[in-house]
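Me: I have a structure to read and would like to go through it with you. Please show it first.

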Amino acid sequence: MALGRTFRVTLALCPLLSTIACVSQTNAPKAGNPLADSPQPRTATYTCADGARITVENLGTSVRVLGPDGASEDLPASPANQNSRFGAAHDAIVIDGRDALVMKGGRTPLTCKR
């Protein structure tokens, strides 16, 4: 009799335990470098492969890029519904975690790190 009850309780608990396991997997933190997955801060300074330093100010739907020469350029999100690619005309910046790829018209793209 006790074995039958144990069997029925086990059958009843299996779906519940499966559900709990699925929910805990969807809420689990993503594997990988937590710094690379961190969102773009309001203002960040990047050092580029050529030694130049740029500052990127996140304005939400656009970014303001301050170059090493002090020139400032506002780049809107491209396309408008995302927050990692920004560009206008021949200039663009793609932000991926702590890395940025800076493209200026007529120049070789630069990789930069925060």
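Me: Is Ala 89 buried or exposed?
Reply: Ala 89 is exposed, because its relative accessible area is 85%. Exposed means over 50%, buried means under 20%, and partly exposed lies in between, with a 1.4 Å probe and protein chains only.

Me: What kind of model is this?
Reply: It is a predicted model, in which local features need pLDDT of at least 70 and side-chain atom pairs count only at pLDDT 80 or more, while totals for chains, interfaces and linings use all residues. Residues are numbered from 1 along each chain as its sequence is written, and side-chain values use heavy atoms, with hydrogens and water left out.

Me: Back to Ala 89, then. Where does Ala 89 lie?
Reply: Ala 89 lies in the loop between β5 and β6. Strands such as these are DSSP runs of E with at least two residues, helices are runs of H or I with at least four, and both are numbered from the N terminus.

Me: What about the phi of Ala 89?
Reply: Ala 89 has a positive phi of about 50 degrees, although Ala 89 is not a glycine. Most residues other than glycine have a negative phi, and most peptide bonds are trans.

Me: Which peptide bond is cis?
Reply: The bond from Ser 78 to Pro 79 is cis, and its omega is near 0 degrees. Pro 79 belongs to the loop between β4 and β5.

Me: Where is Gln 82 found?
Reply: Gln 82 is also in the loop between β4 and β5 (85-88). It counts as buried because its relative accessibility is 15%.

Me: What does the side chain of Gln 82 reach?
Reply: The Gln 82 side chain reaches the backbone oxygen of Pro 79 at 2.9 Å. It also reaches the backbone nitrogen of Ser 84, at 2.7 Å.

Me: New topic: how many helices and strands does the chain have?
Reply: The protein chain has one helix and eight strands. Along the sequence, their pattern is α-β-β-β-β-β-β-β-β.

Me: And how much of the chain is buried?
Reply: Of its 114 residues, 21% count as buried.

Me: Which residues touch the most other members of the largest nonpolar core?
Reply: They are Tyr 46, Ile 54 and Ile 93, in a core of 15 residues. Such a core is a set of buried Ala, Val, Leu, Ile, Met, Phe, Trp, Tyr and Cys residues joined through side-chain atoms within 4.5 Å.

Me: What is Ile 54 in contact with?
Reply: Beyond its neighbours within four places in sequence, Ile 54 is in contact (heavy atoms within 4.5 Å) with several residues, including Ala 44, Tyr 46, Val 65, Ile 93, Val 102 and Cys 112.

Me: What does Gly 105 touch?
Reply: Not counting residues up to four places away in sequence, Gly 105 touches His 90 and Asp 91. Gly 105 and Asp 91 are 14 residues apart in sequence, and their C-alpha atoms are 5.6 Å apart in space.

Definitions and conventions: A polar contact is a pair of N or O atoms within 3.5 Å; within protein, one must be able to donate a hydrogen and the other to accept it, and residues adjacent in sequence count only if both atoms are side-chain atoms.
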